[in-house]
Amino acid sequence: MIFTKRTMMTILTYFLLIFLIPATVVYFGVHTAVHNSGGNSLSFELRSEIFKKFGKPPYKIKSYIVAKDTVQEFELENYLVGVVAAEMPASFPEEALKAQAVVARTYIVSRTLADKGDVAEHKGAPICTNPAHCNAWKSTEDARTGWGNVADEYLAKVTKAVNDTKGQIILYNGKPISAVYYAMSGGSTENAADVWGGNVPYLKSVSSSFDKNAPNFSTTAEFTFDEFRNIITGENAKANLSGNPNSWIGAVSTSQGGGVTSIVIGGQAFKGTRLRTLFSLRSQNFTVEITDRVIFHVKGYGHGVGMSQWGCKFLAEGGKNYEEILKYYYTGVEIGAMPG
Ligand SMILES: [Zn+2]
């Protein structure tokens, strides 16, 4: 991507927001009410933009509810309870839930500020409830059903996480960031540039080694030689997989975060992210083993850029508060509060 810095950032931000946000995420559902605030105040320019798009507080948000095929209006803070409930287990520590709340709010605000009403998947709304597209969301009723006999406790916990961070968003150079996240890293987070291209100054690789304690941190995916050959040659017919399977895999390049950036297979180069998609791997952080079949050994779950949700949990358990967690995963950011 070779554009001016500003153009590139605009394009990249839009790209991240529309296509790449959550992907693989931990899970559940709700909604309720709010008060309280913290963080630095926003620039005059940003406050004006917020008022223009959201009106006066309490801010309202429209979301396309995929399950109901309808656009509904919510109070922003109420909607966030449903997002946090759907995106992170309510059993996680309060500070982790708060980090998730600020991340989700940042996404909604930046997405809404950029919205031109022209995203086909949104039926006119700035956001939707498809977790692969925007953020997952659950109604209070659905969340309660999922939580069973701890529904009161969990609803209160998630609501508190939203209330205690009311209006707070993550800023870089005074602008809301693309607050991307995923379930768990492969031990370090990824530079955005290594996964999607383009340089995003706050999406830098940092260690998240404690993620190895997350459930199913290491996984394998196995394919017969025929299955592997069909998938690879289906992607690139020039790949030569006719010979001894032990000779199929060539040079591998990895990123600072440990993910495969490029791997030569049958004489042809493939991107790690593309193999992740083709073979439904949990991440692009993998090695390949050839036995009587092809075995991918995979670490982590998700694209690896930005905040690790499981890392969030472990940092919170280690005594970090949500602001420290956010500043850990997003380099050089500040927390700001929307007016009201
Ligand atoms: Zn969407």
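**View 1. Helices α4 and α6 pack at an angle of about 55 degrees, with their axes 8 Å apart.** The model is a predicted one, in which local features need pLDDT of at least 70 and side-chain atom pairs count only at pLDDT 80 or more, whereas totals for chains, interfaces and linings use all residues. Residues are numbered from 1 along each chain as its sequence is written. Helix α4 spans residues 94-114 and helix α6 spans residues 151-163; helices (H or I, at least four residues) and strands (E, at least two) are DSSP runs numbered from the N terminus. Axes are lines fitted to C-alpha atoms, for helices over the stretch in contact, and angles run from 0 to 180 degrees between N-to-C directions. At this angle α4 and α6 are oblique to each other (under 35 degrees counts as roughly parallel, over 145 as roughly antiparallel, 65 to 115 as roughly perpendicular and the rest as oblique). The crossing of α4 past α6 is right-handed, a term used if the near helix is turned clockwise from the far one by less than a right angle, with left-handed for anticlockwise. On the α4 side the contact is made by Glu94, Leu97, Lys98 and Ala101, and on the α6 side by Lys157, Val158, Lys160, Ala161 and Val162 (two residues are in contact if their C-beta atoms, placed from the backbone, lie within 7 Å). Sorted by class, this contact has five nonpolar, no polar and four charged residues, where Ala, Val, Leu, Ile, Met, Phe, Trp, Tyr, Cys and Pro count as nonpolar, Asp, Glu, Lys and Arg as charged, and the others, Gly among them, as polar.

**View 2. Helix α3 (residues 76-87) packs with α4 at an angle of about 120 degrees, their axes being 9 Å apart.** That angle makes α3 oblique to α4, and the crossing of the two is right-handed. Helix α3 contributes Leu76, Leu80, Val83, Val84 and Glu87 to the contact, while α4 contributes Leu97, Gln100, Ala101, Ala104, Arg105 and Ile108. By class, eight of the residues in the contact of α3 with α4 are nonpolar, one is polar and two are charged. Once its neighbours within four places in sequence are left aside, Leu80 is in contact with Ala101, Ala104, Arg105 and Val162.

**View 3. Helix α10 (residues 309-317) and α4 pack at an angle of about 135 degrees, with 8 Å between their axes.** The two helices, α4 and α10, are therefore oblique to each other, and α4 passes α10 in a right-handed crossing. Glu95, Ala96 and Ala99 of α4 make the contact with Cys312, Lys313 and Ala316 of α10, a set with four nonpolar, no polar and two charged residues.

**View 4. The largest nonpolar core holds 71 residues, of which Leu80, Val84, Ala99, Val158, Ile170 and Leu326 touch the most other members.** Helix α4 supplies the largest share of this core, 10 residues. Apart from it lies another core, of 12 residues, including Phe228, Ile232, Ile263 and Leu281. A nonpolar core is a set of buried Ala, Val, Leu, Ile, Met, Phe, Trp, Tyr and Cys residues joined through C-beta atoms within 7 Å; a residue is buried if 20 or more other C-beta atoms lie within 10 Å of its own, exposed if 12 or fewer, and partly exposed in between, with C-beta atoms placed from the backbone. Of the 340 residues of the chain, 46% count as buried, and the chain has 11 helices and 15 strands. Among contacts between residues at least 6 apart in sequence, 72% join residues at least 24 apart.

**View 5. Ala143 is found in helix α5 (residues 140-147).** Ala143 counts as buried because it has 24 C-beta neighbours inside 10 Å. From C-alpha to C-alpha, Ala143 and Gly82 are 7.9 Å apart in space, although 61 residues apart in sequence.

View 6. Most residues other than glycine have a negative phi, and most peptide bonds are trans.
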